[in-house]
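Subject: Handing over a structure

Hi,

Here is the structure I promised to pass on. Have a look at it first, and then read my notes below.

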Amino acid sequence: VFSAAPTSRRPITPEGQCRVDDRAVLDNWSLGSFARLRKETLKGGSQYADEETMARVWHKSRRPLIGLDIGSFAVRAAELSMEVPHPTLTHFGQVTLPPGAVVDGEVVDVVAVADAVKRLWSAVAFTSRKVVVGVSSQRVIVRQADVLKMSEREMRSSLQFEAADLIPIPVDEAVLDFTILPDRESSGGTSASPNMRILLAAAQRTMVARHLAALKKAGLEPI
C-alpha cells in the first residue's frame, strides 16, 4: 500500500514509484459528477454549467472531494479539501491489483478490485466513502456536437435520439450524459445561431455496471 496524508503526517510506504502529486487520479475523473454539479451550478443562476463554473460551486461548498481511479495495475484515490483560499490535497494512496483484475480499463474481477479498494480505505484515513470514480476505456466516447437550441430538460429527454448518430454503439446499450457548452461567439448577448454545442459522454452500460458493482462490494458510494 502506498499512502500519503500531508496534513496528518502519516508515514509514506511506497509500493512502486508514485508521486503524491500524481495527476492521473485527477485527470481520469469521469463526467459522472457532471450532472450533480451542474444542478447546483444552475441553481446558482449560471446560464451554463461548464467545468470552471462547476469547480467554483464545489469550492464554495467546502465539501471534501475524493476521486478514485481504477487502473490496470492499481486502484488510486486522492482527497481534496475545498477550504479557501485554495483546494488542498489531504490524502492520497494506492493499492496494487492482481494481474488481470482490470484489462484495458475494464473491471474483469469484481471481487479482486473490491478487495483492493477496501484495503485502500483501511490504509488511508479518507473522511468519506462517497467518491467520484474515473472510467478510462476504449468503450468510453466523448464528443462535441452541434444540436438545435433547447432547454436542458428538452435536451435530456431527446438525448438518446440525438446520440444515435454520434456514437458507434447502440444507445440502449450505453450510459449517456451531456453538458451544454458556452456559446463562445456571443459576448454576453444572445447568439443568432439556431444551434448550441454540447459535450456528449457515452459509456458501454455493461462496463459501467462492473465498475459500480466493485464499488458497491467495497462499500463506496459513487456521486
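How many of the eight residues of strand β3 (residues 74-81) are buried? Seven of them are, so β3 is largely enclosed by the rest of the structure. By "buried" I mean under 20% relative accessible area, with exposed over 50% and partly exposed in between (1.4 Å probe, protein chains only). Strands here are DSSP runs of E with at least two residues, helices are runs of H or I with at least four, and both are numbered from the N terminus.

Before you go further, a word on the source. This is a predicted model, where local features need pLDDT of at least 70 and side-chain atom pairs count only at pLDDT 80 or more, while totals for chains, interfaces and linings use all residues. Residues are numbered from 1 along each chain as its sequence is written, and side-chain values use heavy atoms, with hydrogens and water left out.

The chain as a whole

The chain has seven helices and eleven strands. Of its 223 residues, 43% are buried. If you take the contacts with a separation of 6 or more, 64% are between residues 24 or more positions apart; contact means heavy atoms within 4.5 Å.

Around β3

Strand β2 (residues 65-70) pairs with β3 in the antiparallel sense over six bridges, where pairing takes at least two DSSP bridges between the strands. The two form a hairpin with three residues between them, and Gly67 stands opposite Ala78 in β3. β3 is also joined to strand β4 (residues 88-96), again antiparallel, by eight bridges. In that pairing, Glu79 has His91 of β4 opposite.

The side chains of Arg76 and Gln94 are joined by a polar contact of 3.0 Å. A polar contact is a pair of N or O atoms within 3.5 Å; within protein, one must be able to donate a hydrogen and the other to accept it, and residues adjacent in sequence count only if both atoms are side-chain atoms.

Next, find Val131 in strand β7 (residues 130-134). Its relative accessibility is 0%, so it counts as buried. Val131 and Ala77 are 54 residues apart in sequence, yet their C-alpha atoms are 8.8 Å apart in space. Leaving aside neighbours within four places in sequence, the residues in contact with Val131 include Ile66, Leu68, Trp121 and Leu215.

Trp121 turns up again in the one aromatic pair of the structure. The rings of Trp121 and Phe126 have centres 4.5 Å apart and planes at 40 degrees, so the pair is tilted. For reference, rings of Phe, Tyr and Trp (its six-membered ring) pair if their centres lie within 6.5 Å; planes under 30 degrees apart count as stacked, over 60 as edge-to-face and the rest as tilted. Trp121 is buried at 9% relative accessibility, and Phe126 is buried too, at 10%.

β9 pairs with strand β10 (residues 195-204) over seven antiparallel bridges. Among the facing residues are Leu176 with Ala202 and Ala174 with Gln204. Six of the seven residues of β9 are buried, so this strand is largely enclosed by the rest of the structure. Asp177 is in β9 and is buried, at 13% relative accessible area. Its side chain makes a polar contact of 3.4 Å with that of Arg156.

Cheers
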